[in-house]
Amino acid sequence: HQTMHTDIGKILAGDQLAGARLIRLLEEGDPKGFAGLKHLFAHTGKTFILGVTGPPGAGKSSLVNHMITEWRRRDLKVGVVAVDPSSALTGGAFLGDRLRMRQHTEDAGVFIRSMATRGHLGGLSTTTREVVLVLDAMGYDIVMIETVGVGQDEVEITECAHTTLVVSMPGTGDDIQAFKAGLLEMGDVFIVNKGDLPGADDEVARLRSMLEMGQKPEEGWVPPVLKTVALKGIGISKLIDACWNHRRHLRDHGLFDKHHLQQTLRLFQRVAMDLAADKMFNGNRESVAYQRLLTDLKNRKIDPVTAAEKLVQKVKVDI
């Protein structure tokens with residue numbers, strides 16, 4: 001327990017090893033990880049969370065890489081959570097793209113964490129929110145969550161982020177149109193990357209007209225459509241400005257703190273549900289009534305719905 005307290009001090013001072021240790025505990029579902037979060041929570045709520053999404057091949061990783069450089073040039077500390085839909089077999093994240101970010105690993109103002117979704121469908125790893133809280137407590141001004149785009153699974157990243165960047169590229173044809181339609185309502189800043197390829201200007205124009213036809217933006221924010229060439233670092237500074245403008249917009253309309261509150265409530269609900277489920281199943285394992293329910297289910301004397309209702313009735317939830 002003593003080491004946990006020393007770690008908390010180190011984490012608040014921005015110690016990357018201590019931060020990585022706590023993140024590993026959270027990923028493993030270790031109770032010590034949650035104990036750490038309890039101590040850190042009071043020091044969170046300041047970081048600016050950016051989601052970066054879009055179809056595979058649009059160049060998200062190199063874009064994120066150049067954005068890191070630009071945030072650092074502006075003297076801001078930046079954390080990156082790269083979420084990969086890795087196979088359950090390897091369990092690791094596919095690291096090819098991450099190698100490009102290697103240049104930042106020596107920089108104490110940058111923290112890069114790869115996480116596997118491990119079959120969790122929302123496109124985000126189950127512990128992404130907790131990891132963002134740890135980075136927030138460590139004093140990172142910006143946290144970028146980069147996910148590999150797979151259509152509807154991106155809903156969760158927009159819930160997690162203050163500002164959602166949707167990256168596309170020219171010439172991807174109709175197969176990507178459906179994908180974009182799903183992201184049009186979610187994006188706050190749109191980027192046509194590989195902007196030196198033919199058709200880039202058409203793509204920008206098409207996105208702008210699609211956005212104009214869409215719903216009225218929240219609180220008067222009109223999502224900009226920007227052109228970048230990530231590999232050459234072109235258009236990155238403008239992109240960072242656009243993100244910062246959106247952050248100012250959120251703050252002016254009281255949406256920044258409201259967002260942190262929503263994140264807190266989501267985490268509260270999820271942890272409460274996990275604890276309740278654990279109590280119901282593991283806490284009742286020895287009880288005669290629970291064993292009888294299982295026997296009745298096995299002998300088909302009772303249906304699963306009625307069995308669940310009976311179990312839940314037994315659980316007292318008094319606040």
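## How helix 5 crosses helix 10

Helix 5 goes past helix 10 in a left-handed crossing, the label for a near helix turned anticlockwise from the far one by less than a right angle (right-handed if clockwise). Helix 5 covers residues 128-137 and helix 10 covers residues 255-283; the angle between them is about 130 degrees, and their axes lie 11 Å apart. That makes helix 5 oblique to helix 10. Here, angles under 35 degrees count as roughly parallel, over 145 as roughly antiparallel, 65 to 115 as roughly perpendicular, and the rest as oblique. The axes themselves are lines fitted to C-alpha atoms, for helices over the stretch in contact, with angles running from 0 to 180 degrees between N-to-C directions.

Who touches whom? On helix 5 the contact is made by Arg129, Glu130, Leu133 and Asp136, and on helix 10 by His260, Gln263, Arg266, Leu267 and Arg270. Contact here means heavy atoms within 4.5 Å. Sorted by type, the residues of this contact are two nonpolar, two polar and five charged. (Ala, Val, Leu, Ile, Met, Phe, Trp, Tyr, Cys and Pro go down as nonpolar, Asp, Glu, Lys and Arg as charged, and the others, Gly among them, as polar.)

## Reading the model

Bear in mind that this is a predicted model: local features need pLDDT of at least 70 and side-chain atom pairs count only at pLDDT 80 or more, while totals for chains, interfaces and linings use all residues. Residues are numbered from 1 along each chain as its sequence is written, and side-chain values use heavy atoms, with hydrogens and water left out.

## The whole protein

The protein has 12 helices and seven strands; these are DSSP runs numbered from the N terminus, helices being H or I with at least four residues and strands E with at least two. Of its 319 residues, 47% are buried. Buried means under 20% relative accessible area, exposed over 50%, and partly exposed in between (1.4 Å probe, protein chains only). Among contacts with a separation of 6 or more, 76% are between residues 24 or more positions apart.

## Helices 11 and 12

Helix 11 (residues 288-298) packs with helix 12 (residues 304-314) at about 175 degrees, their axes 10 Å apart. The two are therefore roughly antiparallel to each other. Ala289, Tyr290, Leu293 and Leu297 of helix 11 meet Pro304, Ala307, Lys310, Leu311 and Lys314 of helix 12. This contact divides into seven nonpolar, no polar and two charged residues.

Leucine 294 also belongs to helix 11 and is partly exposed, at 38% relative accessibility. Its C-alpha atom is 8.3 Å from that of alanine 307, 13 residues away along the chain.

Most residues other than glycine have a negative phi. Aspartate 75 has a positive phi of about 65 degrees; it lies in the loop between helix 4 (60-73) and strand 2 (78-84) and is exposed, with a relative accessible area of 65%. Lysine 194 also has a positive phi, near 55 degrees. Its loop runs between strand 6 (189-192) and helix 8 (200-213), and lysine 194 is partly exposed at 30%.

Histidine 162, in the loop between helix 6 (155-160) and strand 5 (163-168), is buried, with a relative accessible area of 6%. Its side chain makes a polar contact of 3.2 Å with that of histidine 259. (A polar contact is a pair of N or O atoms within 3.5 Å; within protein, one must be able to donate a hydrogen and the other to accept it, and residues adjacent in sequence count only if both atoms are side-chain atoms.) Beyond neighbours within four places in sequence, histidine 162 is in contact with residues including Thr47, Phe48, Asp188, His246 and His260.
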